[in-house]
Amino acid sequence: MTRVAVIGGDGIGPEVVGATMSILERMDLGLEFVETEMGLACFERTGEYLPSKTLRTLESCKALLFGAITSPVTFDPCYSSPLLQLRKHFDLYANIRPCFPILQEHKLVDLNAVIVRENTEGMYTCREREDDGTVILERVVSEKGCRRIVVKAIKVAKVMGFDKITCVHKANVLRRSDGLFRGVFYDVMRDSGLQADDMIVDAAAAALISKPKYFQCIVTLNLYGDILSDEAAALTGGLGMAPSANLGDNFGLFEPVHGSGLDIAGKNVANPSATILSACLMLEFLKKMDAASTLQSALVQTLTEGDRTRDLGGRLGTREFADKVAERLTRQ
Ligand code: IPM
Ligand code: MG
């Protein structure tokens with residue numbers, strides 16, 4: 001049976017993942033769920049942020065459903081986020097972030113797009129060195145990295161029914177590195193059957209607000225994707241609704257775009273929608289298409305019929321909201 005790892009993590013992570021699992025467990029998925037741990041609470045208990053036991057468990061699985069982790073508050077230059085370690089360890093080079101409104105009344109603009117973010121290179125090499133009062137960061141853009149993320153974007157765009165991909169970069173300044181990305185983009189796109197265009201990242205940040213309908217699929221480098229995907233989430237209904245998939249060739253990590261929400265943790269008020277939508281992406285990755293669409297329809301129906309958590313103006317707690325979604329599974 002396909003094994004799927006589950007990590008709640010810190011803050012609201014265990015609550016939103018627990019709520020999502022309470023729904024998944026009521027579906028006949030033919031998956032074996034294996035709970036494991038990483039993050040700050042794990043460090044406080046075991047002395048490790050990402051124990052090797054966790055890594056071994058993950059290696060025996062096909063996917064991970066993950067909540068959130070909290071970074072340590074004290075500035076430690078040696079700290080390396082377990083999430084970034086996993087992206088590197090499993091070579092999860094593509095971060096797919098759908099940006100469309102589930103509830104029309106909460107959207108700020110008409111954006112229906114997907115961001116395909118390079119997830120292992122760019123500013124995220126974590127190779128920083130200090131030299132006489134100056135900190136130097138190695139920023140990496142490789143031809144292989146550019147090629148595979150554009151190939152992935154083409155697949156994603158086609159599956160989602162889009163016919164245009166926009167490459168977002170800063171090649172006017174970063175002429176060689178982002179210039180390479182832009183060049184590879186047009187090269188790979190030539191035989192794709194899709195339209196190709198490009199935009200400079202600062203202009204793209206503005207255009208997401210001023211002409212959102214212009215965008216369909218955005219392919220971009222790591223840090224640009226990080227920033228633009230939070231912006232796009234805010235524009236389409238907030239971080240409480242934004243899911244993501246971190247994909248490699250053999251493993252997928254699925255997580256809400258939001259963080260560990262320490263201010264609301266432990267109160268049963270967090271909105272688990274982003275995690276439920278991340279679980280839908282996971283089911284699609286595991287080729288359980290019917291289950292994915294049943295779960296997504298149950299979530300959409302729950303929200304549109306007015307059963308909501310407090311952030312969306314409702315009165316339900318995290319667990320009660322999940323129960324409402326589970327009740328609707330049978331009606332699909
Ligand atoms: C995200 C997060 C991560 C990132 C952090 C937690 C390392 O912001 O997944 O968008 O920057 O990629
Ligand atoms: Mg981010």
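**View 1. Helix α1 packs against helix α11.** Here residues 13-24 (α1) meet residues 318-329 (α11), with the two axes 9 Å apart and an angle of about 20 degrees between them. The model shown in this and the other views is a predicted one. Angles under 35 degrees count as roughly parallel, so that's the label α1 and α11 get. Their crossing is right-handed. On the α1 side, the contact is made by Glu15, Val16, Ala19, Ser22 and Ile23, while α11 brings in Thr318, Ala322, Val325, Ala326 and Leu329. Sort the residues in this contact by class and you get seven nonpolar, two polar and one charged.

**View 2. Phe43 and Tyr49 make a stacked aromatic pair.** The count of aromatic pairs comes to six, and here's one of them: the rings of Phe43 and Tyr49 sit 4.2 Å centre to centre, with 5 degrees between the planes. Phe43 is partly exposed, at 31% relative accessibility, whereas Tyr49, at 18%, counts as buried. Bring Tyr79 into the picture and you have one aromatic cluster, made of Phe43, Tyr49 and Tyr79.

**View 3. Phe90 stacks with Phe251.** The ring centres of Phe90 and Phe251 are 4.1 Å apart and their planes are at 15 degrees, so this pair counts as stacked. Phe90 belongs to the loop between α4 (82-89) and β4 (94-99), and Phe251 to the loop between β11 (243-247) and β12 (252-256), so the pair ties together parts 161 residues apart in sequence.

Conventions
Residues are numbered from 1 along each chain as its sequence is written. Chains are lettered from A and ligands numbered from 1 in the order in which they are written. This is a predicted model: local features need pLDDT of at least 70, side-chain atom pairs count only at pLDDT 80 or more; totals for chains, interfaces and linings use all residues. Side-chain values use heavy atoms; hydrogens and water are left out. Axes are lines fitted to C-alpha atoms, for helices over the stretch in contact, and angles run from 0 to 180 degrees between N-to-C directions. Helices (H or I, at least four residues) and strands (E, at least two) are DSSP runs, numbered from the N terminus. Angles under 35 degrees count as roughly parallel, over 145 as roughly antiparallel, 65 to 115 as roughly perpendicular and the rest as oblique. A crossing is left-handed if the near helix is turned anticlockwise from the far one by less than a right angle, and right-handed if clockwise. Contact means heavy atoms within 4.5 Å. Ala, Val, Leu, Ile, Met, Phe, Trp, Tyr, Cys and Pro count as nonpolar, Asp, Glu, Lys and Arg as charged, and the others, Gly among them, as polar. Rings of Phe, Tyr and Trp (its six-membered ring) pair if their centres lie within 6.5 Å; planes under 30 degrees apart count as stacked, over 60 as edge-to-face and the rest as tilted. Buried means under 20% relative accessible area, exposed over 50%, partly exposed in between (1.4 Å probe, protein chains only).
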